[in-house]
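Subject: Structure handover

Hello,

Here is the structure we spoke about. My notes on it follow below.

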Amino acid sequence: MTQPAVAPRRRSILRQMAKHRQVYVILLPVLLFYLIFNYGPMFGNVIAFQRYSITRGILKSPFVGLAHFRSFLKNYTFWRLLRNTVMINLYGLIFGFPAPIILALLLNELRGARFKRTVQTLTYMPYFISTVVVSGLMVDFLSTRGMINEIVKIFGGQPVQFLVRPELFWGVYTASEVWQGVGWGSIIYLSALSGIDQELYEASAIDGANRAGRLWHVTLPGILGTIMIMLILRIGQMLSLGYEKILLIYSTTVYSTADVISTYVYRKGLLDQDFSYSTAVGLFNSVVNFVLLLSANKLSRSATGGGLW
Amino acid sequence: MIGKRSTGSAVFDAANYAILTALVIVCVYPVYYVVAASVSNPVALYRGSKFLLWPREFSLATYKLVFQYPAIWTGYANTLLYVGAGVAISLALTVCGAFGLSRSYLIGRVAITMFIVFTMYFSGGMIPSFLLIRSLGMYDSRWAMLLPGAVSTFNLIIMLTYFRGIPESLEEAAKIDGASEYRILCTVYLPLCAPVLAVIALYYAVAKWNSYFQALIYLRSRTSYPLQLILREILIQNDQSMVSGGGAYDGLEAYAQNVKYASIVVATVPILTMYPFLQKYFVKGIMIGAVKG
C-alpha cells in the first residue's frame, strides 16, 4: 500500500534535486573534502585494532582486538601521561579560562575610550605570533642567562632554570598560554558585554546597587551564556590542546610533567613508526575528549538551560 | 557612572588602570625586546645584561647574516606559496560549502550540516591522518600543505551565518532573470559578503603563515620547508649553520644568539605590519561568529 505513496514522493525529491542540481555540484567538492580528509582518518582508526603493517595495508593486516589499548593502559607511562594531560588542562581551566573574562570585565569598567582601545590593541598582539616563535622566545627568555632571569636578578632573586625543572612546567606552560591568549580571548566577552541592555544598569543604579552589585547582578548574568558556550568548547578540546607548543619546549629532563598523550602519540607513531599502537592511544584520546564534550554540554543544559545543541 | 564616586570606587579605578598598564607592558615588552636585541651589537648584548630598554650599540650585523642565509629565502618563498595558494583553495571551498548549506531547498540540509559540524568535535587523529596522506601519495609533496585542513569548519560556519542573513528576495530577482546558481553565487552573494570574505581570508592566511606542525609531519625535503620549520631549526634546535657558514667570528655564540632575534623579526614582520588592519577585521569576524553563538 505504501508503494504508490512513496514513489511519487521520491520522484518529486529527484525532480527537486534535478532542478537545483547546480547547488549539488557546488557542494560536491566540499563534501568530498570532508569525506577524504576528515572522515578518511576516522575510518583509518581501524588500525588501532590491528597489527598494521604498511606493506599489508588496512585490508590485510591481522586483527588483534583491544590488545594495543590493553598494553597502553598497562604501560608505566599511562598514568603519567594521563596525569600530565589532565593537570595541564586543569591549569588552563583554572587560570587560562577566567583570564580573558576578567580582562573583559576590567576593560568594561574603564571610562576612557582611548585607553581601552589602546589596551585592547596591544594585548591582542601576542596572539598573532607563531607557536614556533613563542616557543623560541620561551627557550631564550627562560634560560639561566635569559631576559627573565636578568629581571629576577634585578629584584635580588636567584636565576631559575625554568624549562629544566619538572615542577615548574605546568605553571610556565600555562603562563605562556595566558600571555598569548588573554587579550584575544577577551573579544568575545566584550562583544557579549556590549549586548547587555543599558537600562538594566540604570534600573539597578536606581535600586541603589553599587558597582560590585551591578557587576554581580547585571554584568555577570548578562555574559553567562557566552561563558558557558566557551567553557563547553574548551572542555571539548581539552585533551588535544597545546601539544604543538609542548613538542617544541619540552625535553627529556621534564618528560615527567611535560609529556602529554598527544606528544607521546607523535613520538610513538611518527618517530618510532609504531602505527597501530599510537593510533590506539590517539583514539583513546579522541574518545575521552568526545565524552567530555557530551557531558559538559549535558551539564550545561541542565544547569543553565543552554548548550551547544 | 552616575553621581558622586565613592572612595572605594576611586581606588578600584586606580588599581584597574595600574593592572591594565602592567598587562600591556607584559604583552608588548617581549616583542619590543626582540626588535631591540636584533639591532644591537651581538657581542655587547651577549657580554652585558640581557635586560634592554634600548638597543645596545646599534648594529645590523645579524640582519646581514639572516639575509645571506639561503634557507630563509626558500622558506619565505615556500610560505608565500602555501599561504597564497592555500588561502585561494580554502576560500573557494569554504564559500562553496557555505553557499550550498545556506540553500533552503537543499535536500538533507540538516544531515549534511551535522556531517560537517561533527568533525569539529571528533577528529581522526594524527597517525591515521599521516597514513592517509601517505597512501594518497601526498607525503613530502606541496599538496600536503594545501589540501589537508583546507576547510576550517569554524570559518565555514561564520560564512554560513552570514549567507543566511542575506534576504532571499535579492536572489528571487536574479532567478526571474534566469540566472544560474553559479551566477547567483558570483553576482549576488560574493559582492555582498566582501567584508566577511576578507575576514576569513585573513583568518586562513594568519593560520597558514604561523603553522608548523603540518609541515613537520608531512614534509621531508628541506627545499619545501616553510619559514616556520626553518625558524624551528634556528630557534629550537640551535642550528648555527647561519653563523658558522660565514667563516670564523669573534664571539660565535654571541652571533648565534643574536641571529635568532633577527630571524624572528624577519619572519614575523609581515604579520605584524598587517596587524592593525588584521585586528580590525578579526574582531569583526569574532562578532559575526558570536551572533550565531
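To begin with a single side chain: is Glu167(A) buried or exposed? Glu167(A) is exposed, at a relative accessible area of 54%. Please keep in mind throughout that this is a predicted model.

Salt bridges

Over all chains, the structure has 10 salt bridges. Glu167(A) takes part in one of them, with Arg165(A) as its partner and 2.7 Å between the closest N and O atoms. Arg165(A) is partly exposed, its relative accessible area being 36%. Glu167(A), at 54%, is over the 50% cut-off for exposed residues.

Also in chain A, Lys268(A) is paired with Asp272(A), and here the closest N and O atoms are 3.5 Å apart. Both partners are partly exposed: Lys268(A) has a relative accessible area of 25%, and Asp272(A) has one of 48%.

In chain B, a salt bridge joins Glu233(B) to Arg222(B), with 2.8 Å from N to O. Glu233(B) belongs to helix α13 (residues 227-235) of chain B, while Arg222(B) sits in the loop between α12 (213-218) and α13, so this pair ties together parts that are 11 residues apart in sequence. Glu233(B) is buried, at 8% relative accessibility. Arg222(B) is partly exposed, with a relative accessible area of 39%.

There is also a network of salt bridges, which links Glu109(A), Arg111(A), Arg211(A) and Asp13(B).

Helix α6 of chain A

Helix α6 of chain A covers residues 98-108 and is mostly covered, with eight of its 11 residues buried. Those buried residues are Ala99(A), Pro100(A), Ile101(A), Leu103(A), Ala104(A), Leu105(A), Leu106(A) and Leu107(A). What do they pack against? Within chain A, the partners are α5, α7 (113-124), α10 (169-194) and α12 (211-236). From chain B, α1 (7-38) is also a partner.

Cavities

Rolling a probe the size of a water molecule over the atoms shows where empty space is left. In this structure there are two cavities of 30 Å³ or more.

The largest cavity holds about 40 Å³ of space. Its lining consists of Thr85(A), Ile88(A), Asn89(A), Leu239(A), Leu241(A), Ile246(A) and Val260(A). Helix α5 (residues 77-96) of chain A gives the most to this lining, namely three residues. Sorted by class, the lining of the largest cavity has five nonpolar residues, two polar ones and no charged ones. Helix α5 of chain A was named above too, as one of the elements that the buried residues of α6(A) pack against.

The second largest cavity holds about 30 Å³ of space. It is lined by Gly136(A), Leu137(A) and Asp140(A) from chain A, and by Leu235(B), Lys260(B), Tyr261(B) and Ile264(B) from chain B. Two or more residues of this lining come from each of α8 (131-141) of chain A and α15 (252-273) of chain B. Which classes are found there? The lining of the second largest cavity has four nonpolar residues, one polar residue and two charged residues.

Regards

Methods: Residues numbered from 1 in each chain as written. Chains lettered and ligands numbered in written order. Predicted model: local features only at pLDDT ≥ 70, side-chain atom pairs only at ≥ 80, totals over all residues. Heavy atoms only, no water. 1 Å grid on protein atoms, 1.4 Å probe; cavity = no way out; pocket = protein on both sides within 12 Å on 5 of 7 lines; lining within 4 Å. Points joined across faces, edges and corners; volume = space filled by probe spheres on them. Helix = DSSP H or I, 4+ residues; strand = E, 2+ residues; numbered from the N terminus. Nonpolar A, V, L, I, M, F, W, Y, C, P; charged D, E, K, R; others polar. Salt bridge = Lys/Arg side-chain N within 4 Å of Asp/Glu carboxyl O. Buried < 20%, exposed > 50% of the residue type's maximum accessible area, 1.4 Å probe, protein only. Contact = heavy atoms within 4.5 Å.
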